[in-house]
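Hi everyone, thanks for making time.

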Amino acid sequence: MTREEIIMQVSEKLRLIRTEAGYTQDKMADIIGVSKKTLVQIEKGRVLANWSTVVAICALFRETETVQFLFGNEPLEVLETVAREGIDYRRMKTMGGRLWWKAISKKNGFILQQNILSKHFRILDAGNYRIFSSFDEKMTKQRFKELTKSE
């Protein structure tokens, strides 16, 4: 998934996100920091939202079914992974991947998972803390190998 794909998907679903949240166009525009005219243009498919607007929408409406359906239960993780291009991050507690995740490999207390919707990969430690995330399967598998090699 790329920034452009995320921008396209969120722009196409903006009206649905807004109506699911129960906001008027005026209120939604105010919440996400755009003019009503811009919001209407995005909802009608005449323009795409910019990256900052998409990030705001995903952050502020991450609990909506529409955003959850687009990115699984971790929309901010998807955005971070794309924005940071799959680098090691600060450790972040997760729910362990009970929903939205497929286990690919488990070894030495680490688990390699793939999100069933966004298709990105992540590595969790034994405490279910996310320690790596990327859309690059090869890079993720290499990082998993480095983390799990026996000393």
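When I say helix, I mean a DSSP run of H or I with at least four residues, a strand is a run of E with at least two, and both are numbered from the N terminus. What we have here is a predicted model, where local features need pLDDT of at least 70 and side-chain atom pairs count only at pLDDT 80 or more, while totals for chains, interfaces and linings use all residues. Residues are numbered from 1 along each chain as its sequence is written, and side-chain values use heavy atoms, with hydrogens and water left out.

T53 sits in helix α4. Is T53 buried or exposed? With a relative accessible area of 7%, T53 is buried; the cut-offs are under 20% for buried, over 50% for exposed and in between for partly exposed, using a 1.4 Å probe and protein chains only. Setting aside residues up to four places away in sequence, T53 touches I32 and V34, where contact means heavy atoms within 4.5 Å.

Now for the cores. A nonpolar core is a set of buried Ala, Val, Leu, Ile, Met, Phe, Trp, Tyr and Cys residues joined through side-chain atoms within 4.5 Å. In soluble globular proteins, nonpolar side chains tend to be buried together. The largest core here has 23 residues, and I6, V10 and F71 touch the most other members. Helices α1 (3-21), α2 (25-32), α3 (36-43), α4 (51-60), α5 (65-71) and α6 (75-84) each put in at least two residues. Which helix gives the most? That's α1, with five residues. Take I6: beyond its neighbours within four places in sequence, I6 is in contact with M1, W51, V54, F71, V78, L79 and V82. There's also a second, separate core of seven residues, and among them are F110, F121, F132 and F144.

On to the strands. Two strands pair if DSSP finds at least two bridges between them. Strand β3 (residues 110-115) pairs with β4 in the antiparallel sense, over four bridges, and Q114 has F121 of β4 as its bridge partner.

Five of the six residues of β5 are buried, so β5 is largely enclosed by the rest of the structure.

Last topic: rings. Aromatic rings of Phe, Tyr and Trp (its six-membered ring) pair if their centres lie within 6.5 Å; planes under 30 degrees apart are stacked, over 60 edge-to-face, and the rest tilted. The structure holds one such pair. The centres of Y23 and F61 are 6.0 Å apart with the planes at 80 degrees, so this pair is edge-to-face. Y23 is in the loop between α1 and α2 and F61 in the loop between α4 and α5, 38 residues apart. Y23 is partly exposed at 31% relative accessible area, whereas F61, at 6%, is buried.
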